[in-house]
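Please work through the exercises below with the sequence and the model at hand. Each task is followed by a stepwise solution.

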Amino acid sequence: MEFIKVEAQARPYVALVQLNRPKELNALNLQLMGELRDALKQLDEDEQVRVIIVTGNERAFAAGADIKQMAGKTAIDMLNIDQFSTWDQIKKTKKPLIAAVSGFALGGGCELAMTCDMIIASETAMFGQPEIKIGVMPGAGGTQRLTKALGKAKAMEMVLTGKFLTATDAERQGLVNRVVPVELYLEEAFKLAGEIAQMSPVAAKLAKEAVNRSFEASLEEGLYFERKNFYLCFASEDQKEGMAAFIEKRKPSFSGR
Ligand code: CAA
């Protein structure tokens with residue numbers, strides 16, 4: 001891996017993936033995205049990993065797709081490269097993904113953070129979809145995910161002007177879970193990951209899937225899907241352990257089985 005660093009056991013059951021092209025503000029070139037896809041797939045299959053944090057560095061989570069790599073491309077080049085199939089794979093990660101964001105999260109960087117399930121932001125984080133300023137528009141989910149998070153008017157303004165959203169505003173508008181001082185954002189992400197890692201990994205996967213289904217399905221279909229996943233929890237040892245532990249007034253120990 002040239003452009004990302006992976007620590008499968010950064011904390012017990014918690015993996016850390018760091019985007020690592022600092023000089024280019026972690027611009028998401030094809031190689032970096034391919035490495036990220038491969039790393040997430042591997043971590044998703046690793047039984048010792050229950051939650052994955054994706055982060056950048058203090059200055060930049062990621063400043064977007066690599067403009068220099070895209071600049072000379074034709075529409076047919078873009079079609080053939082099909083960079084978004086990589087994003088589709090990343091979206092399929094079953095384990096909870098937390099984005100720990102500091103500095104720039106722009107264009108594809110903002111979209112990558114939104115592809116994660118939760119976002120912990122530092123006070124310096126800035127979210128934006130500035131593609132309009134370089135003659136294009138978001139292509140990795142920005143028009144959809146930002147609109148679902150902020151509502152049409154706010155998302156439209158950001159997409160049409162390229163203006164950034166500060167961390168505080170992002171928190172106020174529900175895009176991020178919380179904002180903490182810059183020296184604490186990664187620790188705060190570990191704290192949240194650690195909390196989730198203590199839960200049943202089976203239930204966490206099924207619950208993540210059900211929450212995400214709410215974006216795709218009607219209420220009726222979503223409720224039906226939720227119910228099926230709820231029933232499926234009862235096939236797990238974790239359900240037996242969790243409920244027995246409650247009754248026996250002890251802490252559960254979940255195996256992920
Ligand atoms: N692609 C390629 N290189 C990038 C980049 C990007 N998205 N963002 C920053 N860089 C590079 C710069 O070219 C510069 O490299 P050099 O030192 O070799 O010149 C280096 O990173 C540092 O950047 P700046 O000197 O520009 O730093 P700054 O502090 O003055 O500005 C910034 C920071 C406001 C983030 C500015 O770099 C910027 O506007 N970047 C582009 C943001 C953008 O438009 N992102 C959307 C990309 S398109 C997209 O993402 C499509 C999609 O939906 C998938």
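The exercises that follow concern a predicted model and treat a strand, a helix residue and a surface patch.

**Exercise 1.** Determine which strands pair with strand E7 and whether the faces of E7 are covered or open.

*Solution.* Step 1: Strand E7 spans residues 118–122. Strand E5 (residues 97–101) is joined to E7 by four bridges, and the two run parallel; here Val 101 stands opposite Ala 121.
Step 2: Three bridges connect E7 with strand E10 (residues 178–180), again in parallel, and Ser 122 has Val 180 as its bridge partner.
Step 3: In a regular strand, side chains alternate between the two faces of the sheet.
Step 4: On one side of E7 are Met 118, Ile 120 and Ser 122, on the other Ile 119 and Ala 121, and all are buried. Both faces are therefore covered, since buried means under 20% relative accessible area.

**Exercise 2.** Decide whether Thr 115 is buried or exposed, and identify what surrounds this residue.

*Solution.* Step 1: Thr 115 belongs to helix H5 (residues 108–115).
Step 2: Its relative accessibility is 11%, so Thr 115 counts as buried.
Step 3: A polar atom of the Thr 115 side chain lies 2.7 Å from the backbone oxygen of Glu 111.
Step 4: Beyond neighbours within four places in sequence, Thr 115 is in contact with Trp 87, Ile 90, Lys 91 and Arg 145.

**Exercise 3.** Classify Tyr 231 as buried or exposed, and state which patch includes Tyr 231.

*Solution.* Step 1: Tyr 231 is part of helix H11 (residues 219–233).
Step 2: Because its relative accessible area is 53%, Tyr 231 is exposed.
Step 3: Together with Phe 230, Phe 234 and Met 243, Tyr 231 forms a nonpolar surface patch with about 440 Å² of accessible area in total.

Conventions
Residues are numbered from 1 along each chain as its sequence is written. This is a predicted model: local features need pLDDT of at least 70, side-chain atom pairs count only at pLDDT 80 or more; totals for chains, interfaces and linings use all residues. Side-chain values use heavy atoms; hydrogens and water are left out. Buried means under 20% relative accessible area, exposed over 50%, partly exposed in between (1.4 Å probe, protein chains only). Two strands pair if DSSP finds at least two bridges between them. Patches are made of residues with over 30% relative accessible area and no salt bridge: like charges are joined within 9 Å, nonpolar side chains (Val, Leu, Ile, Met, Phe, Trp, Tyr) within 5 Å. Accessible areas come from the Shrake-Rupley method with a 1.4 Å probe; for residues, only the protein chains shown count as cover. A salt bridge is a side-chain nitrogen of Lys or Arg within 4 Å of a carboxyl oxygen of Asp or Glu. A polar contact is a pair of N or O atoms within 3.5 Å; within protein, one must be able to donate a hydrogen and the other to accept it, and residues adjacent in sequence count only if both atoms are side-chain atoms. Contact means heavy atoms within 4.5 Å.
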